Amino acid sequence: MRMKMWRTICLAVLLMMGSFGAPALAGQQPLTVYAGAGLMKPMDELKTQFEARYKIPVQLIYGGSGELFGMIATRKAGDVFIPGADKYNKDAVKQGLARAEGQKLLCYHVPVILVPAGNPAKIQSLRDLARPGVRVALADAKAAAIGKVGNEILTKNNLMETVAKNTVVRPSTTNQLLIYAATGQVDACIAWEDQATWGQARGKVDIVQIPAAQNSIKTIPASVVTYSQQADRAQAFIDYIASPEGKALWRKWGFPVARPE
């Protein structure tokens, strides 16, 4: 009880700093935040707003969720972990890399099929990914959350073996999937729906929805890294990006904050 009360007091002081002329960002130890590559757009904006309000500097490190997990395990350093799917967070807690206490659900990640604008290969469903001659991109399941999720969806629908034969590239991040689809290097990829809202995607990709019964919607969590030397500030950052103001920004970038039906 005393520990919780002390942490609450510390967080209150940190948050008040933004209102009472906190010192400049320069010279402060930044919070190191490991975030999934597919979260780049909202996270960049959340970082800017958090720094401006609370005068706490933030360093963002982007990568595939599996890659970030490995970084934390190897470096034994950092402050906040925000993977693209909750599985990585649960594994981090289980292996002692992240704290269960204080973790927050931020929003949801919805898998879709992204195709080049105009859908030249006429992809209408997951089953079309198995048609002869269709060029498919799937992310590396060992590096990116969407790679593992893509495999999960295809396996669930008994399409893994046939679609694997059409898979021409397996990039390590979801951002690279978007590039392959937008430039027409592939006919389709399984990616996150929010990517279609990005500036570089507008007018260059179309979305083919995956029916709920065939899909595997994921939650995006945030937790404090066990090795953090500034855990109170790390928790303050998590609380901010999970706040109503933070969730409005997630929605802006295409991330549902209520679980889609």
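## Notes on the predicted model: sheet, helices and selected residues

1. **The sheet.** Five strands form an open sheet in the order β2-β1-β3-β10-β4, and the pairing is mixed. The edge strands are β2 (58-63) and β4 (104-109), and each of them pairs on one side only. From one strand to the next, the twist averages 20°. Keep in mind that this is a predicted model. As background, strands of a sheet pair through backbone hydrogen bonds, either parallel or antiparallel.

2. **Two pairings to compare.** Start with β1 and β2. They pair in the parallel sense over six bridges. Within this pairing, Ala35 has Tyr62 of β2 as its bridge partner. Now look at β3 (residues 80-82) and β10 (residues 218-224). These two pair in the antiparallel sense, over two bridges. Here Phe81 has Ser223 of β10 as its bridge partner.

3. **Helices on the sheet.** Helix α3 packs on the sheet and touches β1 (31-36), β2 and β3. The direction of α3 makes about 125° with that of β2. Helix α8 also packs on the sheet. The strands touched by α8 are β1, β2, β3, β4 and β10. The direction of α8 makes about 150° with that of β10.

4. **Strand β1.** How many of the six residues of β1 are buried? Six of the six are, so β1 is largely enclosed by the rest of the structure. Leu31, Val33 and Ala35 point one way from the strand. Thr32, Tyr34 and Gly36 point the other way. Residues pointing either way are buried.

5. Is Ser65 buried or exposed? Its relative accessibility is 2%, so Ser65 counts as buried, the cut-off being under 20%. Leaving aside neighbours within four places in sequence, Ser65 is in contact with Phe81, Pro83, Gly84, Tyr88, Ala143, Ala144 and Ala145. Two of these names come up elsewhere in this note. Phe81 is the residue that bridges to Ser223. Tyr88 has Lys87 over its face, at 5.8 Å from the ring centre.

6. **Gly64.** This residue sits in the loop between β2 and α3. Gly64 has 4% relative accessibility and therefore counts as buried. Not counting residues up to four places away in sequence, Gly64 touches Ala143, Ala144, Ser172 and Thr173. Gly64 and Pro83 are 19 residues apart in sequence, and their C-alpha atoms are 8.0 Å apart in space.

7. **Aromatic pairs.** A search of the whole structure finds five aromatic pairs. In one of them, the rings of Phe50 and Phe237 have centres 5.0 Å apart and planes at 85°, so the pair is edge-to-face. Phe50 lies in helix α2 (residues 40-54), while Phe237 lies in helix α8 (residues 231-241). The pair therefore ties together parts that are 187 residues apart in sequence. Phe50 and Phe237 are both buried. One aromatic cluster is formed by Phe50, Tyr54, Phe237 and Tyr240.

8. **Ala98.** Look for Ala98 in the loop between α4 (86-94) and β4. Its relative accessibility is 6%, so Ala98 counts as buried. Leaving aside neighbours within four places in sequence, Ala98 is in contact with Ala92, Val93, Ser223, Val224, Val225 and Thr226. Ala98 and Ser228 are 130 residues apart in sequence, with 9.2 Å between their C-alpha atoms.

9. **Two backbone angles to check.** Most residues other than glycine have a negative phi. Asn119 is not a glycine, yet has a positive phi of about 50°. Asn158 is not a glycine either, and has a positive phi of about 60°. Where are these two residues found? Asn119 is in the loop between β5 (111-116) and β6 (136-137). Asn158 is in the loop between α5 (145-156) and α6 (160-166). Asn119 is buried, with a relative accessible area of 10%. Asn158 is exposed, with a relative accessible area of 71%.

Methods:
Residues numbered from 1 in each chain as written. Predicted model: local features only at pLDDT ≥ 70, side-chain atom pairs only at ≥ 80, totals over all residues. Heavy atoms only, no water. Buried < 20%, exposed > 50% of the residue type's maximum accessible area, 1.4 Å probe, protein only. Contact = heavy atoms within 4.5 Å. Phe/Tyr/Trp six-rings, centres within 6.5 Å; stacked < 30°, edge-to-face > 60°. Helix = DSSP H or I, 4+ residues; strand = E, 2+ residues; numbered from the N terminus. Lys NZ or Arg CZ within 6 Å of the ring centre and 35° of its normal. Pairing = 2+ DSSP bridges. Axes fitted to C-alpha atoms, helices over the stretch in contact; angles between N-to-C directions.
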